[in-house]
Amino acid sequence: MAGYEYLDENRLRVGRAEMLVDWLARGGSVDDLVIMKPPALIEQMARTLAEVEPRTIVELGIHRGGSVAAIAELAQPDCHIAFELADGRVQALDAYIADTGSEDRIHLEYGVDQGDTLRVAALTDEHRGPAPIDLVFDDASHLYGPTKASFEALYPRMRPGGRFIIEDWAWTDSLATAMTQSFSELDADARASRAATVADDLRALADEREDTRLADAADALRAEPTTDNLVRAARARAPFAEAPLSALGIELLLAVAEVPDIVAQVTITPDWIDIVRGSADIDHSFRLADVLADHGAVIPLPRNGR
Ligand SMILES: C[S@@+](CC[C@H](N)C(=O)[O-])C[C@H]1O[C@@H](n2cnc3c(N)ncnc32)[C@H](O)[C@@H]1O
C-alpha cells in the first residue's frame, strides 16, 4: 500500500498524486486536486484503508477530487465508485485518471444526490457487479435525511465486517456549542442586540416564506434573548431543521444494542462515525426504522422518516 508525505504544509503527495490540503477548499486552480480534510482526518483515512484493504469502495462527495485520488493511491481498489451532487466534472481528477490509466477502476458519477437511493443503488450495482462493498466513505451532505438514505441503500450491499464511515457527523452540534459559548460571553446589552439582529433576519425570512415556524422562533428570541432561543432560531432556518446528523449516530448505537447481527460495532470520534457491518443477510429494502424497536420512545428520535 502506498504511503503519503507532505511536500510542505499545504501540499500532499500520495503515491502518484499531488494535491492541495485545504479543508476550506478555497485555494488552487482547476488544475489542482484538492483534498478537503484536515491532516488528522487524512491520517485516520489512511489507517482505515490499511486496516480494511478494500477491493470495492464507495465514496460520497467528490468536491475537488483530492480524496478520490488519495484513496485510489493508498488502497488501489479494483472498483472505486464516487458520487457527487454537482454536475461539473473535476478537470484535475479526470487528468489524474487519464495519467494513471485508472478508467476501468474509478467510476465518477456526477449529478447524483446521495438521497436518491434508487440511483445510488443502481449505479453502484452497475459498477461493482457481484462484488460486495468493503468500505464506504460518506463525506457528502452531512445532513440527516440524505445521509441516512444512502446508508440504507449501500449498507445491505456490503460484506459482513465491511466498514461504513460517516464523516463530520457533529458539525451542527459543534456549531451550536460555539454559538452558545460566544453568546454567553456577551453582556446583557450586547446579547439583546445580537438576538435582535438574528430575530429580524429570521422574521424577514419567515415573512418571505410565509413560514409560521420560523416566525415563532424569531418572536421567541426577540421576547427572550436566551442561548436556548438563539440555538432554536439557528436550527429553525438551517437545512438540518428536521434532525441533526448526530441523531443518526444515536440510532446506530441503539442498533448495536438491539440488532448486533446487522450493526456489529459503532465507534464514534469527534470526526467520524465508523460502523462495522454485522453478519446478517440484509434485504435491499433495508430501513433502519424497521429493525429498531420503539423502546417506549424514551429517546425522541426521528426514527420514522428520513
Ligand atoms: C466536504 S466535500 C467532499 C470533500 C472530499 N471528499 C474531500 O475529502 O476532498 C462535500 C461534497 O459533497 C457534495 N454533496 C453535498 N450534498 C450532496 C448530496 N446530497 N449528494 C451528493 N453529494 C453531495 C458537495 O457538492 C461537495 O462537493
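Domain bounds in this tour come from an automatic or database domain assignment. The model is a predicted one, in which local features need pLDDT of at least 70 and side-chain atom pairs count only at pLDDT 80 or more, while totals for chains, interfaces and linings use all residues. Residues are numbered from 1 along each chain as its sequence is written.

**Domains.** Select residues 4–167, which make up domain 1, and then residues 173–237, which make up domain 2. The centres of domain 1 and domain 2, taken over C-alpha atoms, are 37 Å apart.

The shell holds 20 residues, and the closest are Gly61, His63, Ser67, Leu85 and Ser141. Helices (H or I, at least four residues) and strands (E, at least two) are DSSP runs, numbered from the N terminus. Colour the shell by class: nine residues are nonpolar, seven polar and four charged. Here Ala, Val, Leu, Ile, Met, Phe, Trp, Tyr, Cys and Pro count as nonpolar, Asp, Glu, Lys and Arg as charged, and the others, Gly among them, as polar.

**The four-stranded sheet.** Display β1 to β4 next; these four strands form an open sheet of mixed pairing in the order β1-β2-β3-β4. Two strands pair if DSSP finds at least two bridges between them. At the edges lie β1 (4–8) and β4 (33–35), each of which pairs on one side only. On average, neighbouring strands of the sheet are turned by 40 degrees against each other, direction ignored. Zoom in on β3 (residues 17–21), which pairs with β4 in the parallel sense over three bridges. Leu20 has Val34 of β4 as its bridge partner.

**A helix pair.** Now select α7 (residues 188–209) and α9 (residues 227–237), whose axes come within 11 Å and cross at roughly 30 degrees. Axes are lines fitted to C-alpha atoms, for helices over the stretch in contact, and angles run from 0 to 180 degrees between N-to-C directions. The crossing angle therefore makes α7 roughly parallel to α9, a term for angles under 35 degrees.

Finally, select β10 (residues 263–268) and β11 (residues 272–277), which run antiparallel and are joined by five bridges. Which residue of β11 is the bridge partner of Ile268? The partner is Ile273. The hairpin joins β10 to β11 through three residues.

Methods: Near = placed C-beta within 6 Å. Parallel < 35°, antiparallel > 145°, perpendicular 65-115°, else oblique.
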